[in-house]
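Dear colleague,

I am passing on the structure below, together with some notes on what turned up when I went through it. Please read the notes with the coordinates open beside you.

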Amino acid sequence: MAMLTNDWAKALEGEFKKPYYRELYYFVKEEYARTTVFPPADDIFNALHYTPLHEVKVVILGQDPYHNVHQAHGLCFSVLPDQPEIPPSLQNIYKELEDDLGCKIPNNGYLEKWARQGVLMLNTVLTVRAHQANSHQNRGWEQFTDAIIREVNKIDRPVVYLLWGRPAQSKAAMLNNPKHLILKAPHPSPLSAYRGFFGCKHFSQTNAFLTSNGLEAIDWQIPDI
């Protein structure tokens with residue numbers, strides 16, 4: 001696991017010392033040694049590497065990483081730029097962006113541009129065994145990512161949370177900062193997007209909230225590669 005070098009390192013230093021994290025560390029290390037695990041070990045903390053705590057403006061919560069070869073790289077919903085297929089949930093996110101803000105649907109699913117603008121793209125579980133969804137659930141990652149969410153909740157300025165689907169919405173109980181905005185919708189998965197994700201207009205609402213509070217809007221347009 002690549003070490004954190006930005007302000008997340010200090011914010012989370014207490015977590016790294018706790019017994020659950022020690023157990024998680026050795027579990028994950030052993031998994032990488034004996035089987036195929038995604039994302040690559042150096043990419044596990046990319047959401048934190050790309051979006052320092054002091055830059056967080058928006059939080060998007062996912063569940064666990066993509067579990068097929070050469071997709072996951074540490075940002076929820078995002079795949080590596082050379083992936084020929086855009087995952088179904090991300091296709092639906094792009095459709096909503098097109099409807100909401102007129103964004104052109106790009107030819108790739110690489111979302112690093114969002115992360116570099118202050119969109120924390122956090123999965124609640126940060127690793128997964130190849131081709132086995134949810135295989136690293138309940139090993140300690142949830143406790144660690146809850147600590148991340150609590151740190152964002154402390155930020156003394158406006159932040160927007162995009163909570164899509166029930167697992168993400170279960171984190172709302174942790175969010176009590178009156179300066180922050182919580183937006184909820186069904187998950188963009190093909191199984192649920194038609195139940196209210198389409199038409200939620202979360203992206204325009206996010207930008208309206210940021211700009212009304214003197215912050216720069218997110219440029220959601222992902223460029224073609």
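Does Thr145 count as buried or exposed, and why? Because its relative accessibility is 0%, Thr145 counts as buried, where buried means under 20% relative accessible area, exposed over 50% and partly exposed in between, with a 1.4 Å probe and protein chains only.

Before going further, please note that this is a predicted model, in which local features need pLDDT of at least 70 and side-chain atom pairs count only at pLDDT 80 or more, whereas totals for chains, interfaces and linings use all residues. Residues are numbered from 1 along each chain as its sequence is written, and side-chain values use heavy atoms, with hydrogens and water left out.

Thr145 lies in helix H7, which spans residues 141-153; helices (H or I, at least four residues) are DSSP runs numbered from the N terminus. Leaving aside residues up to four places away in sequence, Thr145 is in contact (heavy atoms within 4.5 Å) with Leu122, Asn123, Thr124 and Leu126.

Trp141 also belongs to helix H7, and Trp141 is buried, with a relative accessible area of 0%. With residues up to four places away again left out, the residues that Trp141 touches include Met1, Leu24, Phe45, Thr124, Leu126 and His136. Thr127 is another residue touched by Trp141, and the two side chains make a polar contact at 2.7 Å, a term that requires a pair of N or O atoms within 3.5 Å, one able to donate a hydrogen and the other to accept it, with residues adjacent in sequence counting only if both atoms are side-chain atoms.

Beyond residues up to four places away in sequence, Val152 touches Trp8, Leu53, Val56, Val59, Leu120, Val159, Tyr161 and His180.

Finally, the cysteines: the structure holds zero disulfides, a disulfide being a pair of cysteine sulfur atoms within 2.5 Å. The sulfur of Cys200 has its closest cysteine sulfur in Cys103, 13 Å away, which is too far for a bond. Cys103 counts as buried at 10% relative accessibility, and Cys200 counts as buried at 12%.

How values were computed:
Helices (H or I, at least four residues) and strands (E, at least two) are DSSP runs, numbered from the N terminus.
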